[in-house]
Amino acid sequence: MTLPFPARAAVTLRTVFFALAQAVFLLTTIGATMAHAADLKLGLAADVSSLDPHYLNIAPNIALSSHLFDALVNVDASGKLIPGLALSWRAVDATTWEFKLRPGVKFHDGSPFTVEDAIFSLDRPATLTKSPGPFTSYTRQIVDKQAVDALTLRLTTATPYGPLPLDVSTIFIVSKTITENASTEDFNSGKAVVGTGPFKFVSFLRGNKVELSRNPDYWGEKAVWDKVTLRVIANNASRTAALLAGDVDAIESVPTPDIARIKRNPDFRLEQRVSWRTIFWTVDQADHSSPDVTDLNGKPLATNPLRDPRVRLAMSKAINRQAVVSRVMEGLAQPASNVVAPGILGYNDAIKVQAYDPAGAKKLLAEAGYPNGFGLTLHGPNNRYINDEQLIQTVAQFFSRIGIRTKVVTLPLAVYFGRAKASEFSVALLGWGTLAGDFGLRSLVGTTNPQTGWGSWNWGNYSNPKVDTLIRSSLASVDPTERNNFARQAAGIALQENAVIPMHHQIATWAMRSGLRYAARVDEFTFAHQFKPQ
């Protein structure tokens, strides 16, 4: 039967429409498959020194571990605590916290995550006695761990302790079965790298790159990238060049001189945020001949001038922080007066940024018995913080202008931290980020005590019993206002004594090709699974 022309046209149009729909569907499917199968290459600013998630408490290692492992509690881009391997947590009483664990989670080898894995992971940091930067300050307050049932964990502290959920957000969960007989070397070889995280381990070439593959069985939102390559590009110019050449899709810690031209290039975009990281100087205050302090002839001084608060104040007054921010940091920083960034619990806004006062600094040195100054060597990393080597050289010039004849030694991060931890330096640069001021104070200025984990990063050997008492009161409080007040008071005393000398708060910057988006994180971490197609 022959159909009338309008009917034949309708059939033809329906056929064409159906064919077009099929083509669109096919193209969409192919596009989705291509996007899903796409690889992501990220340029990192600092080397990963270990794959052992409990060995060294520094940001590059933590960021890498976050791809492979999970903690009981996670932290979002704004610093808010969110569920991780624990669905919820609550204070049962003043010294007991209960965590309800997430069911159905599997490690990368297919074995189930259990409450015993959580207990083992919380115990493990204390067994790594040779760590140059231990995690024990986050675990030592726990005196008992109890598996109530298969999905319920109770942690008991010796005294009331409010911030425990934040503490455990820093402890990654490993498989007890795989890890109980494993060494840090087994992690670095990849043998023991079996977590529950969004990616699986593929390869690790120290100083070069880490390769990861997508975990298809991840309990949370699955990454859109099948393969991720984290390239270590510590040299600033090389990192930007890699991005512009298309060798990587995104970079962290964008070099300050390159920000303007990246902004002008429509093929790329920036994400920025004032971060939690404060850059400051640790100052040796031990009662001994300090290793890098000499007389003007280069001979060691029998007494340590850095113990004198007037000398430390003179050093602080000698630094022109506004000039550092505008010239050295090229605007990617804010002058600091605290060891935590504004908005962080314990930030004391009554402490003002130390004014630049070289004349006042010279007067203080004279009052302390050093009218002609003394010799000093500054130490710091040359591949960790934004413009770190240039910053150290600039501060050395400021010190030299007030009579402290200053030399500079910078070292790669892998060497620097171990030597600083061993108290080999008199004045050393350190950057610290935390979501709670009492945490930072406990580690940075709390009296060093290996049994409690206090002072684990107190390179200057500062000690003040009143500060310790205020920190303890802050940590013990479950009332946010009370806790904040105690932390503010502790900061006020420690910084009035220049326990450390604050410099600035960093502004974190990421650059990426225009087809990507990334929510800038206050903690400065770069997470491949949080990069998304635009």
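A cavity is a set of points, on a 1 Å grid over the protein atoms alone, where a 1.4 Å probe fits but cannot get out; lining residues have an atom within 4 Å of a point. Grid points are joined across faces, edges and corners, and a volume is the space filled by probe spheres set on the points. The structure is a predicted model, in which local features need pLDDT of at least 70 and side-chain atom pairs count only at pLDDT 80 or more, while totals for chains, interfaces and linings use all residues. Residues are numbered from 1 along each chain as its sequence is written, and side-chain values use heavy atoms, with hydrogens and water left out.

**View 1. The cavities of the model.** The structure holds 2 cavities of 30 Å³ or more. By class, the lining of the largest cavity has 6 nonpolar, 3 polar and 1 charged residues. In this classification Ala, Val, Leu, Ile, Met, Phe, Trp, Tyr, Cys and Pro count as nonpolar, Asp, Glu, Lys and Arg as charged, and the others, Gly among them, as polar. The second largest cavity, of about 40 Å³, is lined by T282, V283, D284, A420, S423, F425, S426, A428, W459 and G460. Its lining divides into 5 nonpolar, 4 polar and 1 charged residues.

**View 2. The largest pocket.** A pocket is an open set of grid points with protein on both sides within 12 Å along at least five of seven lines. The largest pocket has a volume of about 970 Å³. Its lining comprises 47 residues, of which S66, R521, D523, F525 and F527 are the closest to the pocket centre. Two or more lining residues are given by each of helix 2 (59-68), strand 2 (73-75), strand 3 (81-83), strand 12 (268-283) and strand 17 (427-433). The lining of the largest pocket contains 27 nonpolar, 11 polar and 9 charged residues.

**View 3. The second largest pocket.** This pocket holds about 570 Å³ of space. Among its 38 lining residues, A45, A46, R239, S253 and R384 are the closest to the centre. Helix 2, helix 7 (236-244), helix 12 (388-401) and strand 18 (500-513) each give two or more residues to the lining of the second largest pocket. That lining divides into 18 nonpolar, 12 polar and 8 charged residues.

**View 4. The nonpolar cores.** A nonpolar core is a set of buried Ala, Val, Leu, Ile, Met, Phe, Trp, Tyr and Cys residues joined through side-chain atoms within 4.5 Å. Buried means under 20% relative accessible area, exposed over 50%, and partly exposed in between (1.4 Å probe, protein chains only). The largest core has 143 residues, and L72, F99, W281, F374 and V445 touch the most other members. Apart from this core lies another, of 13 residues, including A242, L243, F268 and L332. Contact is defined as heavy atoms within 4.5 Å. Not counting residues up to four places away in sequence, V445 touches G440, N458, Y462, V467, D468, I471, A494, A499 and V500.

View 5. In strand 15 (residues 375-381), 7 of 7 residues are buried. G375, T377, H379 and P381 lie on one side of strand 15, with L376, L378 and G380 on the other. In a regular strand the side chains alternate between the two faces of the sheet. Two strands pair if DSSP finds at least two bridges between them. Strand 15 pairs with strand 13 (residues 293-294) in the antiparallel sense over 2 bridges, where V293 stands opposite L376. Strand 16 (residues 405-411) runs parallel to strand 15 and is joined to it by 7 bridges; V409 is the bridge partner of H379.

**View 6. The loop between helix 3 and strand 6.** Both T127 and S137 are found in the loop between helix 3 (115-123) and strand 6 (142-149). T127 counts as exposed because its relative accessibility is 54%, whereas S137 is buried, with a relative accessible area of 1%. Not counting residues up to four places away in sequence, S137 touches D167, R442, S443, T452, G453 and S456.

Methods. Helix = DSSP H or I, 4+ residues; strand = E, 2+ residues; numbered from the N terminus.
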